[in-house]
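Hi,

Here is the structure I said I would pass on. Have a look at it first, and then read my notes below.

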Amino acid sequence: MALVLSYDSPVKRNAYVPPKIIIREVSKVYKTKDKEFMAVEGVSMEIMENEFVSVVGPSGCGKSTLLRMIAGLEETTEGKIWVDGKEVRGPSAERGMVFQSYTLFPWLTVADNIAFGLKLKGIPAAKIKEIVDKYLQLIDLANFAYSYPRELSGGMKQRVAIARALANSPSVLLMDEPFGALDMQTKASMQEMLLDIWRKERTTIIFITHDIEEAIFLAQRVYVMKGRPGSIQAIFEVPFPAQRSGDVKDVESFILLKKKITAMLKN
Amino acid sequence: MDRPMGGILQIRKEVDRSWYISGALFSFFAILFIWGLLSYGEVVSHVFLPTPAVVIREFFKQIMDPILWSNIGISVYRITMGFLLAAAIGIPLGILAGTFKLAEAVIQPLTEFVRYMPATAFIPLIMVWTGIGELAKIMVIFIGTFFQMVLMVADDIRTVPQDLLSASYTLGATRSQVITRVLLPAIMPNLMDTLRMMIGWAWTYLVVAELVASNNGLGYMILKAQRFLKTDVIFVGILVIGILGLVTDRLFYAANRRFFPWAEGGS
Ligand SMILES: Nc1ncnc2c1ncn2[C@@H]1O[C@H](COP(=O)(O)OP(=O)(O)OP(=O)(O)O)[C@@H](O)[C@H]1O
Ligand SMILES: [Mg+2]
């Protein structure tokens, strides 16, 4: 059973509003030639619309696997996932994803990468250009609109991948360590940008990270996983309002929470 | 101890263009030098090994001769037809085999099997079936390149990273859009390289076909020269084929850089 340390959640839980995402007792077993490997076991989550939750856990504990199952890219071995009351059976543009590895399309320019999903939807070219320009500004890469991915640094590629997912305006955004490759300053400004978008667009976000401070700063709830097999060992509600600034990182309760999670991940 | 990164023998490091050209010229001149030593020194009789001067004179005599050009014409025609036929059928089959496991099951084991049957062994059969007309030579080139091409195109498809496909799914791509908008553009540069390699093979099979079943073409020209012990003409024939091969190879290479500037090593 997961241990829940309850703070007052900024999201007002209303008994009559069903969660946006329900994950019930989900397990994943990978079968290789000679053995089976339990990557995720018995994970349950309930995430409300417009919530921002983060997931931290040691390397290899099944975070990416869990996210891929929510995206519909991977089947669950056991258990079910519902989004908007519908069972997840495969990937959809409604659930956008930013991957841990670089996944830009190398044959498309930065602008065309961002436009990829919009073109699939058949949105008129003028409208696409408008959206693309907006996100190019947002990720501060307007000068690289016509560059190919191979001309970009790792951090720049990741920013484009984020813009590509956001431009598609999915109602759920799944992010797998998106800021891992960024320097402190870029990371901080990308975090601000993400919070901004989240507040404006009412996106529901699940955010995986290794950075405990980042997990607390961004989210309203932090899920702490443990490995072998991957499962949730604790859930922490973050006691700060959605509208927060970097200063919150110096508040005592923030530091306390950070210490708790750090200690938990140590053993 | 530091290991300085200068010098001309660094692993995978670029060297000055002048060094590169010198290296290339060196190997050409070394061959020319050994050849000259053997022939001018009469270590080998002139009948078997003509001197470089004689071959060069014969070369310029031949390229003034319309017969050579008609031989080139007919050989190029056969290559083009056989190669286009192999590509027109082989590329789609390769794409299918690389994309769908079931298609792989139908196509790949059979192709692997036939690939080990030497194309040259089919020549007598082809002659029985189609006579010694143009179709025979085209079929030899087709059989020599087709099976290998299917396997190589299938492998090209398989090298497209799974994460690119996953990314496009989460952006809303349908299965057929994944094929047309991700797999096909992704393999283009590798596909061109595959074709570039296969056209090299096509030249080999062309000459084989013309040696056994033809009364024109560059292979036939070599065969006829052999009957009259005109080794200098044999040398010229081989040289012309080498030059034509090099030209097609460079054309493919240039096209690749021109049309797919996004690929690694493109411009
Ligand atoms: N396709 C697969 N086949 C077999 N085992 C897999 C597969 N994908 C992942 N695993 C295993 O499942 C476990 C969880 O992998 P996952 O990628 O979800 O970890 P993670 O928590 O995202 O790690 P990291 O923080 O390093 O990214 C790992 O032990 C891994 O070896
Ligand atoms: Mg991961």
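Let me start with A:Gln100: its relative accessibility is 42%, so it counts as partly exposed. Keep in mind that this is a predicted model.

A:Ser64 sits in helix α1 (residues 63–71) of chain A, while A:Gln100 is in the loop between β7 (95–98) and α2 (110–120) of that chain, so the pair ties together parts that are 36 residues apart in sequence.

Next, the cores. The largest nonpolar core has 72 residues, and A:Phe105, A:Trp107, B:Phe83, B:Ile91, B:Met149, B:Val182 and B:Leu218 are those with the most contacts inside it. Helix α8 (residues 175–212) of chain B supplies the largest share of this core, 16 residues.

Last, a hairpin in chain A. Strands β10 (residues 221–226) and β11 (residues 231–237) run antiparallel and are joined by six bridges; one of the pairings is A:Val224 with A:Ala234. Four residues lie between the two strands, and in the turn A:Arg228 has a positive phi of about 50°. As for β11(A), seven of its seven residues are buried.

Cheers

Conventions
Residues numbered from 1 in each chain as written. Chains lettered and ligands numbered in written order. Predicted model: local features only at pLDDT ≥ 70, side-chain atom pairs only at ≥ 80, totals over all residues. Heavy atoms only, no water. Core = buried A, V, L, I, M, F, W, Y, C linked by side-chain atoms within 4.5 Å. Buried < 20%, exposed > 50% of the residue type's maximum accessible area, 1.4 Å probe, protein only. Pairing = 2+ DSSP bridges.
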